[in-house]
Amino acid sequence: MTQLKSDFLRELSARGFIKDCTDLEGLDAKAAKGEAVGYIGYDATADSLHVGHLTQIMLLRWLQKTGNKPIALMGGGTTKIGDPSGKDESRLLLTVEKINENLASIRKTFDNFLTFGAGKSDAVMANNADWLDELAYIPFLRDIGRHFTINRMLSFDSVKLRLDREQPLTFLEFNYMILQAYDFMELNKRYGCNLQMGGSDQYGNIVNGIELTRRVRSEQVYGLTSPLLTTASGQKMGKTAGGAVWLSRDRLSDFDFWQYWRNTEDADVGRFLKLFTEMPLDEIARLEALGGAEINEAKKILANEVTKLCRGEAAATEAAETARQTFELGAASAGLPTFEVARAELEAGVPLVDLFALAGLAKSKGEARRLIQQGGARLNDVAIADIAATAGTGDLGADGTIKLSAGKKNHALVKPA
């Protein structure tokens with residue numbers, strides 16, 4: 001790689017963020033002068049982003065920290081269609097009302113990572129519904145559609161994957177790549193945006209936007225992609241047996257979020273510290289070199305730093321203390337995920353398989369039964385032997401809760417409502 005001049009690209013390169021760049025020297029020159037204006041798009045398919053989005057959010061954060069301007073583009077328009085990239089089948093279409101609810105919820109996450117305002121490097125949150133909803137179909141086809149060939153569009157992996165598997169690709173989804181390219185051109189016109197960033201699976205779509213902006217506006221713009229992340233064991237980043245690891249505390253408790261990072265595989269600790277924290281690289285190198293039981297301290301630091309960035313310092317401190325009490329002192333803690341059950345039900349006795357499913361410690365009652373049969377379920381730190389066992393008010397501890405455990409690392413509290 002060439003000698004980089006900008007703090008932005010030097011930092012990204014050293015931390016492992018860069019997969020491909022359409023013009024590294026050109027972008028480097030812009031970023032060195034604080035003139036890089038970069039965006040990443042996020043569709044509102046849920047009311048929270050998840051850990052799989054965190055790499056891209058950190059790209060925007062580093063862009064701002066190095067004196068350049070980030071744009072978080074909300075896909076209020078494109079969510080109505082659905083990005084076929086990496087998908088085997090069509091996405092369920094959401095109502096406009098649900099999309100807007102999701103956008104409002106997602107905004108809260110970005111407030112933790114970016115500073116919004118009117119200053120030169122202050123972040124902007126845009127919504128592509130502002131321009132996509134106003135497009136007239138025939139003029140759009142005439143003015144924009146003529147710059148795209150079917151031959152080229154059929155060559156993209158997002159299209160080939162579905163066609164090779166003989167899975168339907170709707171005409172609606174086929175238009176997504178054109179609209180994404182149009183977003184780049186529109187952001188260039190409105191905000192002087194000259195950079196689109198994304199995962200490596202977005203490279204073709206990014207190049208589309210670069211070419212469209214050059215042809216229609218005669219502007220030089222750039223594309224930068226990051227590697228698609230998997231864990232050392234090959235799992236997709238942000239996925240667990242319990243589902244997605246959500247960034248919003250409305251979807252996932254601070255403790256469970258902290259615990260996800262605490263459970264990082266040994267081989268991933270250094271890489272994740274570089275990508276998901278702002279710790280100095282020499283300190284990361286020291287932590288990465290730890291072996292044996294000492295690597296667990298590095299994992300706690302990773303969990304603290306990521307939780308602090310995403311949820312705030314108070315959340316990180318409380319989650320760490322909850323983990324200390326739960327795992328090191330063997331006590332129940334008020335910081336654990338807590339679920340309420342009607343007191344009358346507890347007085348009558350509630351089947352433990354129901355409680356484990358309610359608390360999210362098992363995906364279903366069937367999984368809860370298997371957990372008990374395999375000896376992995378505990379009630380107030382005592383192994384459960386009977387799949388027909390119940391819990392009631394007599395099991396409430398001094399703190400007024402019942403502690404449920406699935407394995408050594410997953411815990412929840414149940415209390416009467």
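A cavity is a set of points, on a 1 Å grid over the protein atoms alone, where a 1.4 Å probe fits but cannot get out, and lining residues have an atom within 4 Å of a point. Grid points are joined across faces, edges and corners, and a volume is the space filled by probe spheres set on the points. The structure is a predicted model, in which local features need pLDDT of at least 70 and side-chain atom pairs count only at pLDDT 80 or more, while totals for chains, interfaces and linings use all residues. Residues are numbered from 1 along each chain as its sequence is written, and side-chain values use heavy atoms, with hydrogens and water left out.

The count comes to 1 cavity of 30 Å³ or more, and about 30 Å³ of space lies in the largest cavity. Its lining consists of L54, M58, F113, F276, V306, L309 and C310. The elements that give two or more residues to this lining are α3 (54-65) and α15 (295-311); helices (H or I, at least four residues) and strands (E, at least two) are DSSP runs, numbered from the N terminus. Helix α15 gives the most, with 3 residues. The lining divides into 7 nonpolar residues, no polar and no charged, where Ala, Val, Leu, Ile, Met, Phe, Trp, Tyr, Cys and Pro count as nonpolar, Asp, Glu, Lys and Arg as charged, and the others, Gly among them, as polar.

An open sheet of mixed pairing is formed by 6 strands in the order β1-β6-β5-β2-β3-β4; two strands pair if DSSP finds at least two bridges between them. Strands β1 (20-21) and β4 (124-127) stand at the edges with a single partner strand each, so one side of each is left without a neighbour in the sheet. Strands β2 and β3 pair in the parallel sense over 7 bridges, with Y42 opposite M74 in β3. Strand β3 (residues 69-75) also runs parallel to β4, joined by 4 bridges, and I71 stands opposite V124 in β4.

Strand β9 (residues 338-341) pairs with β15 in the parallel sense over 4 bridges, and T338 stands opposite L413. Strand β14 (residues 402-406) pairs with β15 in the antiparallel sense over 5 bridges. Strands β14 and β15 form a hairpin with 3 residues between them, and G407 in the turn has a positive phi of about 70°.

Key: On a 1 Å grid over the protein atoms alone, a cavity is a set of points where a 1.4 Å probe fits but cannot get out, and a pocket is an open set with protein on both sides within 12 Å along at least five of seven lines; lining residues have an atom within 4 Å of a point.
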